[in-house]
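Subject: Structure for you to look at

Hi,

Here is the structure I promised. Please open it and keep it beside this email as you read.

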Amino acid sequence: MSEHILSIIWLTPLVGMLVVMSLPKESKDLIRYVANAFAVLGVLVTIPLIRSFDSSNGDFQFVERHDWIPALGAQYYLGVDGFGYLMILLTVVVGWLSILCSWASIQKRVKEYYAFFLFLQAGMLGVFMVLDVFLFYVFWEIMLVPMYFIIGIWGGGRRLYAAIKFFLYTLAGSVLMLLAMLTVYFRHYEQFGFYSFALEDLMRVAAYSSPELQFWLFWGFFIAFAVKVPMFPFHTWLPDAHTEAPTAGSVILAGILLKMGLYGLVRFAMPMFPQGATNDTTVKLIAVLSIVGIIYGALVSLMQKDWKRLVAYSSVSHLGFCTLGLIALNPNGIAGAILQGFNHGLSTPLLFLAVGIVYDQRHTREIADYGGLANRMPVYTVLFAISLFASMGMPGLNGFIGEFTILRGAFEVSAWWAGFGVLGIVLGAAYLLWLFQRVMLGPITNPKNETVKDVNLREIVVMAPLIIGCFWIGLYPKHCFEILEPPTIKLVERLDPDYFSRNGLELNGDRALLGALPAAEPAASE
Amino acid sequence: MMDALIFTAQDFNVLKPAIILCLFGCAILLTDVFIVRRTGQRWLNGVTALIGEGLLAVVLVQHLAQVRAGGAFSGLGGSVVVDGFGVFFNIVFAMSASLAVLMTARYMEAEGEHRGEYYALMLFAQAGMSLMATGNDLVVLFVALETMALSFYVLVGFLRNSKRSNEAAIKYLILGAFSSGLLAYGLSILYGISGSTNLAAVGDAVAASGADNWAVVLALITTSVGLFFKISAVPFHMWAPDVYEGAPTPTTAYVSVASKAASFALMIRLFTEAYGSASASWVPLLGMIALITMTVGNLAAITQSNLKRLLAYSSVAHAGYILLGLVAFNEAGLRGISIYVLAYVFMNFGAFALVTALRRDGKAAEEVDDLNGLAGRSPGHAILVAIFMLSLAGIPPMAGFYGKYYIFLAILAEGYYLLAVFAALYVAVSAYYYFRIIRACWIGEAADTPASLDLNLGSRVVLVGSGVLTVLIGVLPQRFLDLAGESVLAALR
């Protein structure tokens with residue numbers, strides 16, 4: 001049982017898809033119940049994973065390994081460490097909530113909708129657990145297809161344009177990754193005499209390849225991930241896709257899909273090509289692009305008239321923080337980046353859900369059409385405010401912990417980086433608070449807003465787990481840091497073997513690094 | 001030399017595939033006149049053809065077992081050789097022909113041209129292809145190519161009352177004859193250099209005279225151009241869209257898959273055996289042509305609104321990718337070509353089977369917009385279309401991905417990085433037009449009088465069988481990759 005736990009996790013939604021496909025398309029409620037049941041089941045099957053995951057272990061756990069295509073050396077090879085573990089938890093929860101939140105808002109082609117959604121869920125879970133680069137590519141690509149349909153069929157007015165743009169951008173990035181993948185795979189064959197796509201085999205190639213080659217291969221992977229993150233200037237698909245997608249689609253895009261870029265970097269690109277990642281040009285370029293992304297995303301958000309588009313651009317800014325943390329290449333930066341990715345996966349879905357709730361009633365996304373909603377929707381206002389503060393980085397909520405850790409990591413490298421980061425946080429507060437003021441506060445100016453209804457129980461249930469998560473990480477982040485610490489240490493050692501001795505940090509036993517990671521006790525570290 | 005004139009058991013063995021195909025072709029012509037036309041049961045011709053293919057399959061399995069046990073063997077004084085390469089391509093032709101036969105009946109009935117000659121010509125064409133893949137002699141190869149081409153000229157123009165079909169046939173005939181002329185010219189120079197028509201002897205003579213010998217260069221250029229016409233490589237592709245659009249759709253599928261595969265088979269054998277020593281001089285040429293072919297094919301396909309034309313340009317682009325395998329000229333490249341061609345059979349026949357079945361007011365419908373709303377009317381077929389299009393675009397885990405996989409691997413191994421980057425980015429371009437078809441099926445709003453699907457048992461078998469195999473090769477490719485590995489010519493193992 002426990003050796004198949006990862007397979008069970010990703011296959012559960014796939015079985016759900018097959019069951020949904022076998023139901024008659026007229027019985028919409030039955031389909032909804034079945035899809036939701038499988039989404040809940042998807043959460044439940046992760047319980048054994050949560051119970052037996054050993055957060056002090058830096059190696060891959062729950063490893064499952066079988067030959068798949070011996071001719072290519074491709075294997076069915078799964079395993080998780082702290083990075084993957086957090087992402088899987090995020091995926092099952094956010095995936096479940098997106099399926100739940102679609103209950104009333106999706107009325108046409110219900111059967112296909114849930115089938116695609118469950119398919120997407122299976123693909124995303126696969127991405128976060130594979131350790132075979134070939135299989136990773138398969139999951140990475142196939143997952144685009146259901147997302148294309150979700151945006152294209154159930155999206156807003158410019159959905160066709162947004163869907164194909166999303167698909168082509170991501171595909172163009174990933175075919176370059178395929179080339180880099182094949183190059184390192186071929187080098188491995190030349191060096192070791194057998195074909196393999198297993199991550200640890202391909203990681204060994206780095207010792208035999210020149211820094212220049214590693215640089216190019218790193219960028220081959222990086223562009224694919226940068227499109228997904230999305231990093232400035234590869235971000236232009238994001239506002240369209242997020243804005244036009246149905247609420248659940250936006251939630252999944254912001255919550256999970258963007259994290260795949262970050263995850264891909266720490267799982268594949270950085271460990272496989274350490275000298276490519278630590279290359280001076282790479283670091284400078286990525287840092288500059290991240291900072292531009294932070295500031296540009298915030299400024300563009302400030303100018304948006306469309307509520308959903310504002311949230312979409314805020315992702316560009318927030319994910320800029322994450323890539324800045326990663327490229328700081330120190331424990332704080334990397335752990336902070338993954339944690340902030342996780343945080344963004346909690347808070348941005350909340351913001352999209354909030355937009356979705358009023359959009360379902362008013363069918364407009366224009367900020368100017370709203371105003372004074374607080375008068376009619378008190379509970380909604382509180383929920384929205386919490387989401388906003390979480391996203392803004394208010395102490396006590398999750399965003400603060402992530403941003404703070406990243407800034408510590410960035411500061412270690414350059415005070416300038418941290419300075420621009422702080423500027424980004426200030427701008428973030430500006431556009432979010434201004435948004436709140438425009439839609440929630442003041443008198444009701446538009447008579448149509450007189451009749452809006454407050455959130456119902458289902459909508460509260462959808463938002464509650466995410467809000468609890470925000471508070472949990474905000475008040476007690478120790479647990480997350482414990483999970484992130486071992487893989488972070490491993491990655492930093494891989495990138496910069498002298499890092500710990502240079503900084504006088506002893507690595508003895510499994511818990512020697514608490515001093516290097518700030519947030520063991522956030523209060524103590526301040 | 002006397003024993004070469006005696007027809008031995010070995011000679012018979014190597015010729016079995018071609019003999020079976022010709023006999024069944026003739027049998028169809030006879031039974032059509034004496035039995036089928038009297039009883040009116042026209043589907044019997046298709047059954048006869050399929051029996052022929054079944055018998056052929058048995059022979060091919062025997063040949064494969066013989067090759068596995070004792071290596072390649074040849075007959076007729078070394079002019080026909082049965083090796084893994086030849087058997088593999090014969091399997092590809094047999095599958096293509098069977099699928100084409102299965103989807104013919106209903107379409108030709110709708111067009112009012114359901115006649116026995118059609119099936120006979122398909123088998124005659126296949127006999128030509130069979131020898132194109134196994135021939136090891138300049139004359140055999142040329143005669144085989146012409147046997148195939150002549151059959152196709154008639155097949156393309158088979159809709160006698162359709163202007164477009166007639167126009168397509170004439171275009172195909174004139175350009176085809178021209179390219180055959182060039183090819184024959186090149187082959188005659190090769191004979192002049194070597195004094196022999198045997199490929200091995202020609203290869204030795206070419207190696208002896210050196211790659212920069214003007215006669216070798218002239219032979220290389222003329223044979224290349226002749227073959228570029230046949231595989232519809234740019235700038236010799238102009239006939240393809242018109243012929244594909246005008247021909248009866250089952251023929252279009254058959255031409256685009258089988259005739260192209262056969263021409264590639266001939267090309268690979270000729271370039272490996274005869275020009276192998278001069279590879280330094282033809283690799284850059286082929287690389288350029290492959291790049292231009294991918295560029296033009298992919299970009300031109302974007303704006304097409306007719307399904308058959310769109311698939312025609314896409315098939316031009318695919319020819320570019322397949323050509324890259326020969327540019328790499330290594331084991332992975334040739335294995336890539338084989339697996340590419342095999343996958344192409346299923347994904348392309350699947351796509352064409354659907355076009356074949358599409359009807360509006362009882363006439364064949366061929367516009368992309370005719371697919372609008374298909375997902376609402378018949379979701380199963382919409383899923384199949386998605387599978388075929390994803391496979392054509394090379395998205396894993398579909399069969400089409402593995403062809404691109406090997407070909408990219410092959411050119412990267414040779415260090416052609418820039419070419420690889422272009423080829424890879426064109427995958428994204430091609431996804432755009434394949435997704436136009438998917439979009440029509442899944443997102444497009446159905447018209448007031450939507451086009452209907454007219455399927456009989458045969459076309460259902462083609463659709464479902466192709467769909468299953470496209471996914472099966474994609475998910476569990478091991479056996480197919482092994483088979484493709486066996487097909488690599490001995491010179492490049």
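Below are notes on the interface and then on the cysteines.

This is a predicted model: local features need pLDDT of at least 70, side-chain atom pairs count only at pLDDT 80 or more, and totals for chains, interfaces and linings use all residues. Residues are numbered from 1 along each chain as its sequence is written, chains are lettered from A and ligands numbered from 1 in the order written, and side-chain values use heavy atoms, without hydrogens and water.

**Interface**

Chain A gives 37 residues to the contact, and chain B gives 37 residues (contact: heavy atoms within 4.5 Å). About 3,200 Å² is buried between chain A and chain B, with 80% of that from carbon and sulfur atoms. Buried area is the accessible area (1.4 Å probe) that two parts lose on being put together, summed over both. There are zero salt bridges between chain A and chain B (Lys or Arg side-chain nitrogen within 4 Å of an Asp or Glu carboxyl oxygen).

**Cysteines**

How many disulfides are there over all chains? The count is zero (a disulfide needs two cysteine sulfur atoms within 2.5 Å). Take Cys480(A). Its closest cysteine sulfur is in Cys470(A), 11 Å away, so too far for a bond. Cys480(A) is buried, at 1% relative accessibility. Now take Cys22(B). The closest cysteine sulfur, in Cys26(B), is 6.6 Å away, so again too far for a bond. Cys22(B) is partly exposed, at 32% relative accessible area. Here buried means under 20% relative accessible area, exposed over 50%, and partly exposed in between (1.4 Å probe, protein chains only).

Best wishes
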